[in-house]
Amino acid sequence: SEIEVDNHSHAQFAASVLQQLIAEIEAKAGSYSNQDELFLTRIKLQEAAVMFKTRYQSDPLSLIATIRNCINREHQLIQQNENVMNSPGGMMQSNMVIDPSAEIVQQLEVLKARTRETADDLRQLASDQESFALQYHNCTSYDASFASAKNHNVAPEVLRELQMKKQESEMLLNQRASGLINSRMNLQEKHKVTIDRLAAIQQRILDEELINWKKEQRMAGNGRLMCAGKLDQIQAWCDSLAEIIWLNRHQIKECERHLSQMPLKTGGYINLLPTLNEHITRLLSSLVTSTFIIEKEPPQVMKTNTRFTSTVRLLVGGKLNVNMTPPQVRVTIISECQAQSLLQTDSTMKNDASGEILNNTGTMEYNQSNRQLSVTFRNMQLRKIKRAEKKGTESVMDEKFALLFQSQFSVGGGELVFQVWTLSLPVVVIVHGNQEPHAWATISWDNAFTEQGRIPFQVPEQVPWPQVAEMLNMKFASATGKGLSPENLDFLASKAFRSTQSSDYSQMLLSWSQFCKEPLPDRNFTFWEWFYGVMKVTREHLRQLWNDNSIMGFVGRRQAEEMLKECASGTFLLRFSDSELGGVTIAWMYEDQSKGDQRDVFMVQPFTSKDFAIRPLADRINDLPYFIFLYPNRPKDQAFGKYYTPIVSESSNTPGNGYVKPHLVNIVPGFPGPGSSDMFSIYGHTDASNPPSVSSVNSAVEPTNHLDKKPVMESPLFDAANVLSNFPS
């Protein structure tokens, strides 16, 4: 019958099961007594028998419970595996999704357990070696006694007894020697397996997880959000790796020391320790050099004589006690050619540089609270830059540099010395703000389309449009808070490819030249310059309106006209100007009842950042009463009302200094509005293919002491004027 672990009446039966198990183990161990090659196995079986007696003899039912739990768990695992294999798609359709992070932690825990096991084996080996030394001393004593007795003609029975003791001692010595050799072989085999597993998990952490983090960091330069806490997680893994590697390296060195103290000779033993030591030292070197990383990148568009910051971190610095002698880090700027040479020769600690950086040295500090060893350069400044010769259409904004961070430190009390270095993401150096747009084109293309393992700083000359669209969307969303719709991206594709008809752009390649070298048709600026201007004005002045979907933006002039033709008079939309960098124009449908209900679409002369700095867009729309509906039929006050500047009250408009405070009002001449006249100022012709553009100007009341003076129209050349807020316009 089945044993019930909670039924104490079954304890006697459980005790008999325990005795049978112990007897089986002891019998198996006894069967190996004459087999020297299985000496270690026999010892382990004997130890197991003792362990079962010690742990379970007083409570044999607990042994039954342990065995039952193991069997049940085994059945569960088998059942789970069968369910997975029998499901559609087998393992690929499994609902058992293993978290990669948890898997890495699990593998590291296994390696820690193996390291503890080999540490125990090493202590046992040291004890066995001491026992062997004692036995060897006893054996030599018996040899000396037997030789002395033989020379002094002692009684034959005494001589036979000494000879028997001598033979027994030699046999025991041979057994212990064989056991010691087997222990050494088993231990170095365990170390070999551990190192192989270490190499595999380290490759995964460094070549997958850390490289992916660096990719995220590069894409963050284009606006993508980074995963918070990922680097700290990688550091935790690297700390575990460093600890495991260091302990195993120490164990291997101890094994070498024991071997040198007692070099037993045998034909079947191959000493792998020097190879293992070399392998694990390479792993440590790779770990240290790969985890010297730039946590906070310097600005990728760097203006000379402008302060900038950067942070460098050594992920394994705390675990290896590098902070005991804090290392110095030096920063230089190098050219593309110098970066290529550096990767080819791996030559560091040289003074070659392509510029002069102030405050370019710092000492790494250890933060006990987060266990981070890092240094932050807060006041670096690029004073000078040496540029390479330009070829063809190359400009200074095409030239890429990188910051080189270098350091040197030792671990293990100076036993190992490491020279480490790391390169920043590519940097474009400018001297004037007007170089910024093209510089960002270079950086954005590099960040988005860099291939792993490239030669610095090579990038593809052309890339598929979907990848370009992803990059533009990422940058626009980061700058303005909201990304681009598929319709926006189609519009951008047609502009980038200079296409006038709708096409499938998903299979088309956009070249670097089309992106930011060749001017757009009939324009003196490139596609990127146009996009950058739109992104800049939206970020600085139109962010809220863009996020509220009040700005259509990416729509052509003709398309806007077609959209408005069927709308009610007073319907308007906001679009980015094709002709003015960073310009925003208002297109609206106007029905002139005095001319027989003539309907025309008009375009206001584009507003730019300078205009919005004077008067915000929402207020300019509010100034014009014939703007009634935001396309297609949304009342303008509903769309823009919350952004209107509050009207100043009469009491607050008359301070005690004797002056009346004016405010600005936007008008379009020729259309009804505050301060307007009968003048109708239209630039261009009114026809279906080219809707007229009108210039918005401002009405002004001359602020003098003669308050009854009539309004005077300012010249259209003036883009702003003043209207007294408490007087009718």
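Helices (H or I, at least four residues) and strands (E, at least two) are DSSP runs, numbered from the N terminus. The structure is a predicted model, in which local features need pLDDT of at least 70, side-chain atom pairs count only at pLDDT 80 or more, and totals for chains, interfaces and linings use all residues. Residues are numbered from 1 along each chain as its sequence is written, and side-chain values use heavy atoms, with hydrogens and water left out.

The chain holds 18 helices and 24 strands. Of its 729 residues, 43% are buried (under 20% relative accessible area, with exposed over 50% and partly exposed in between; 1.4 Å probe, protein chains only). Where contacts (heavy atoms within 4.5 Å) link residues at least 6 apart in sequence, 68% of them join residues at least 24 apart.

Strand E3 (residues 307–314) contains Ser 310, a buried residue with a relative accessible area of 0%. A polar atom of the Ser 310 side chain lies 2.7 Å from the backbone oxygen of Lys 296. Beyond its neighbours within four places in sequence, Ser 310 is in contact with residues including Ile 294, Lys 296, Val 375, Phe 377 and Phe 405.

Ala 177 belongs to helix H5 and is likewise buried, at a relative accessible area of 15%. With neighbours within four places in sequence set aside, the contacts of Ala 177 are Phe 132 and Leu 264. The C-alpha atoms of Ala 177 and Leu 264 are 7.5 Å apart, although 87 residues separate the two in sequence.

On a 1 Å grid over the protein atoms alone, a pocket is an open set of points where a 1.4 Å probe fits, with protein on both sides within 12 Å along at least five of seven lines; lining residues have an atom within 4 Å of a point. Among the 32 residues lining the second largest pocket, Ile 211, Lys 214, Thr 422, Leu 423 and Gln 452 are the closest to its centre. Two or more lining residues each come from helix H5 (156–220), helix H7 (273–290), strand E1 (292–296) and strand E10 (416–423), and H5 provides the largest share, nine residues. Because domain 1 (100–286) and domain 2 (301–387 + 396–432) both contribute to the lining, the second largest pocket lies between them; these bounds come from an automatic or database domain assignment.

Helix H11 (residues 486–496) has eight of its eleven residues buried and is therefore largely enclosed by the rest of the structure. The buried residues of H11 pack against helix H10 (465–480), strand E13 (509–511), helix H12 (512–516), helix H13 (527–541) and helix H14 (543–547).

Backbone geometry was also examined. Most residues other than glycine have a negative phi, and most peptide bonds are trans. Arg 498, in the loop between H11 and E13, has a positive phi of about 60° and is partly exposed at 24% relative accessibility. Arg 371 also has a positive phi, near 60°; this residue lies in the loop between strand E7 (365–367) and strand E8 (372–385) and is exposed at 56% relative accessibility. The peptide bond from Pro 456 to Phe 457 is cis, with omega near -15°, and the bond from Tyr 631 to Pro 632 is cis, with omega near 5°.

Conventions. A polar contact is a pair of N or O atoms within 3.5 Å; within protein, one must be able to donate a hydrogen and the other to accept it, and residues adjacent in sequence count only if both atoms are side-chain atoms.
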